[in-house]
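Colleague: Hi, I'm new to this one. Could you walk me through it?

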Amino acid sequence: MLAPRRGITGGKPIRKKKRNSASCRVSEILRSAALSLQHSQTALGAYYRHTAQRLGPDIAAFATARKLATMIYRMLRWGQSYVDEGAAAYEKRYQEARFNRLHAAAADLGFQLVAQTANP
């Protein structure tokens, strides 16, 4: 399952293993679809590659499958359309967010970032 629910009774977790249920088949299909995005030049492909680089391919497949499941749910529930922004736009947004995090961390430590010019 992509969004697991942990059953608890009497303060202890219930151990249940469901096999061959519809949710397991759907999650398997979504993970397979996420793995196929590994080489695609889409925003989801870029997300998979970044996550795989940081956390490993297994976790990246799971995270990308979860993102796919969320998109599918939004399409079915509210009719929200999916428009792919492309890998370049994802990379640009990722780098901007990374810069903003670095800028905020420097400000928290009392430093100020200054742009450096190239020396001729």
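Modeller: Here is a quick tour, from the whole chain down to single side chains.

Modeller: First, this is a predicted model: local features need pLDDT of at least 70, side-chain atom pairs count only at pLDDT 80 or more, and totals for chains, interfaces and linings use all residues. Residues are numbered from 1 along each chain as its sequence is written, and side-chain values use heavy atoms, with hydrogens and water left out.

Colleague: Fine. How many helices and strands does the chain have?

Modeller: Four helices and two strands. Helices (H or I, at least four residues) and strands (E, at least two) are DSSP runs, numbered from the N terminus. Read from the N terminus, the order is β-β-α-α-α-α.

Colleague: And what share of the residues counts as buried?

Modeller: 22% of the 120 residues. Buried means under 20% relative accessible area, exposed means over 50%, and partly exposed is in between (1.4 Å probe, protein chains only). The chain exposes about 9800 Å², with carbon and sulfur atoms supplying 56% of that. Those areas come from the Shrake-Rupley method with a 1.4 Å probe, and for residues only the protein chains shown count as cover.

Colleague: What about contacts along the chain?

Modeller: Taking contacts with a separation of 6 or more, 56% are between residues 24 or more positions apart. Contact here means heavy atoms within 4.5 Å.

Colleague: Let's zoom in on helix 2. Which of its residues are buried?

Modeller: A43, L44, G45, A46, Y47, Y48, H50 and T51. They pack against helix 1 (22–36), helix 3 and helix 4.

Colleague: How far does helix 2 reach?

Modeller: Helix 2 covers residues 43–55, 13 residues, and spans 18 Å from its first C-alpha to its last, close to the 18 Å expected. That expected span is 1.5 Å times one less than the number of residues. Just after helix 2 comes G56, with a positive phi of about 105 degrees.

Colleague: Now T64. Is that one buried or exposed?

Modeller: T64, in helix 3, is buried, because its relative accessible area is 0%. Leaving aside residues up to four places away in sequence, T64 touches A34, L37, L44, Y47 and Y48.

Colleague: And F62, where is that found?

Modeller: Also in helix 3. F62 has 34% relative accessibility, so it counts as partly exposed. Its C-alpha is 9.6 Å from that of E28, a residue 34 positions away along the chain.

Colleague: Switching to loops: where does Q38 lie?

Modeller: In the loop between helix 1 and helix 2. Q38 is partly exposed, since its relative accessible area is 33%. Not counting residues up to four places away in sequence, Q38 touches Y48 and R49.

Colleague: How many salt bridges does the count come to?

Modeller: One, taking a salt bridge as a side-chain nitrogen of Lys or Arg within 4 Å of a carboxyl oxygen of Asp or Glu. The side chains of E85 and R93 form it, at 2.4 Å, N to O. E85 is partly exposed at 38% relative accessibility, and R93 is partly exposed too, at 44%.

Colleague: And how many aromatic pairs?

Modeller: Two. Rings of Phe, Tyr and Trp (its six-membered ring) pair if their centres lie within 6.5 Å; planes under 30 degrees apart are stacked, over 60 edge-to-face, and the rest tilted. Y73 and W78 are edge-to-face, 5.7 Å centre to centre and 90 degrees between the planes. Y90 and Y94 are stacked, at 6.4 Å and 20 degrees.

Colleague: Why are Y90 and Y94 separated by about one helical turn?

Modeller: Because they are four residues apart in helix 4. Y90 is buried, with a relative accessible area of 10%, while Y94 is partly exposed at 21%.

Colleague: Last one: which residues form the nonpolar patch on the surface?

Modeller: I72, M75, L76 and Y82, with about 400 Å² of accessible area together. Patches are made of residues with over 30% relative accessible area and no salt bridge; like charges are joined within 9 Å, and nonpolar side chains (Val, Leu, Ile, Met, Phe, Trp, Tyr) within 5 Å. Y82 lies in the loop between helix 3 (57–78) and helix 4 (87–108), and is partly exposed at 37% relative accessibility.
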